[in-house]
Amino acid sequence: MTNFDIHKVDFSLVEIELARRLGHELGGFGSNWPVVYTIADSDNVYVGETLNAVNRMNQHKANPERQDLTTLRVIYNEQFNKSVCLDLESYLIRLISGEGRFSLLNRNVGIVDSNYYDRAHYREQFEHIFERLKDEGLFEAELEEIQNSDLFKLSPFKALTPDQEIAVGQIMEAITTSLHSDPSSLELIVKGDPGTGKTVVAIYILKMLSDIQSSSDLEDPVSDERFTKFYTERNRDLLRGIKVALVVPQQSLRETVERVFRRTPGLERVQVLTPFGIAESQDRFDLTLVDESHRLGMRSNQPAAMLNKRFSAANERLFGNDGLHLTQLDWIKAKSDKVVLFVDPFQTVKPGDLPHPQFLNWLSPPRSGRTTSKSSARSECWPATSTSPS
């Protein structure tokens, strides 16, 4: 297999000069050959693939989000085909997001993990491409270090499993349908065994919702056909400006999620909260996703007297009384128009965690005119043998 090459160009050149340089220096690779490219400055990076690098760069120069990037790198090889380039694009996007040094300007729906002829041999070359880009300053950490990091595992730039794709599609369908029909009505439970990737699915959905909000006619076509239908002008208008929260009961996981969100454009607008945090927030949320919602707590068995007092104060603030039947799940329902719970209903860890009957009760006939929905993305859709992070 012939060696790849990486051609570096000053992206700050005006369109005509940039096109002339690319056409002259890349030759046939610049206008009629599949290539992968990165465009970066000191803080941001965009990764793409194209059959026509010259025309594609002119399109990027017209995009306000990317026109001020400074350094273009075009990666090419005479034996690269479209499948190889899509794979390499996804590989670099996952690694850049997983290291967390740059804000990644891509959408997350184009990440693929498809097989193709001789993939193992091409994949060997990807590691050499990574090392070359590391020498040029696009990466700092070692490859294994990035791939073992929590940021990599929880990145919204994931190649979803088939079952996760089904779940994302069903949840997005429920959210957008609710927006169109009744903006204040959605209660959705998504069941999944440990290790089936519930957290990954929640983060993926939040990134997609953010991308839809900020999309414009200048944006690239969405490359993942399964989710293209959600990128509509109507969805963009309905989602724009909504307040979204992600409730994460576990502290260690919450801190990692916050780091991922700080480095992902669009997700910095999503509030990552504790159950107490949402109860005490001055905001009311249009949409709240709750990860590991079986870890939500009850009034009894709080581990410290201070938390018992705080629990009581939250109940009084939200409901005007401190009924012992009130739970953190009631807080979330009181503070949110739409709620999506990700749950393993048979897994409880602490005495104060919500027991399984609480979720069965929530699936009973709805109160106060709300619609209760149950996703068909149940545990049987996400087999417990999955290796995706939960």
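Biologist: A crossing counts as left-handed if the near helix is turned anticlockwise from the far one by less than a right angle, and right-handed if clockwise. Which hand is the crossing of helix 3 and helix 4?

Modeller: Helix 3 passes helix 4 in a right-handed crossing. Helices here are DSSP runs of H or I with at least four residues, and strands are runs of E with at least two, both numbered from the N terminus. This is a predicted model, where local features need pLDDT of at least 70, side-chain atom pairs count only at pLDDT 80 or more, and totals for chains, interfaces and linings use all residues. Residues are numbered from 1 along each chain as its sequence is written, and side-chain values use heavy atoms, leaving out hydrogens and water.

Biologist: Got it. At what angle do helix 3 and helix 4 cross?

Modeller: Roughly 45 degrees, with the axes of helix 3 (residues 82-99) and helix 4 (residues 119-135) coming within 11 Å. Axes are lines fitted to C-alpha atoms over the stretch in contact, and angles run from 0 to 180 degrees between N-to-C directions. Helix 3 and helix 4 are therefore oblique to each other (under 35 degrees is roughly parallel, over 145 roughly antiparallel, 65 to 115 roughly perpendicular, the rest oblique).

Biologist: And which residues of helix 3 and helix 4 make the contact?

Modeller: Helix 3 brings residues including Leu88, Tyr91 and Leu95, and helix 4 brings residues including Tyr122, Phe126 and Phe130. Contact means heavy atoms within 4.5 Å. By class, there are 10 nonpolar, no polar and five charged residues (nonpolar: Ala, Val, Leu, Ile, Met, Phe, Trp, Tyr, Cys and Pro; charged: Asp, Glu, Lys and Arg; polar: the others, Gly among them).

Biologist: Nice. How do helix 1 and helix 2 pack?

Modeller: Helix 1 (residues 15-26) and helix 2 (residues 53-61) pack at about 155 degrees, with axes 9 Å apart. The pair is therefore roughly antiparallel, and the crossing is right-handed. Among the residues that meet are Leu18 and Leu22 in helix 1 and Val54 and Met57 in helix 2.

Biologist: Last one: how many helices and strands does the chain have?

Modeller: The chain has 14 helices and 11 strands, and 55% of its 390 residues are buried.

Notes: Buried means under 20% relative accessible area, exposed over 50%, partly exposed in between (1.4 Å probe, protein chains only).
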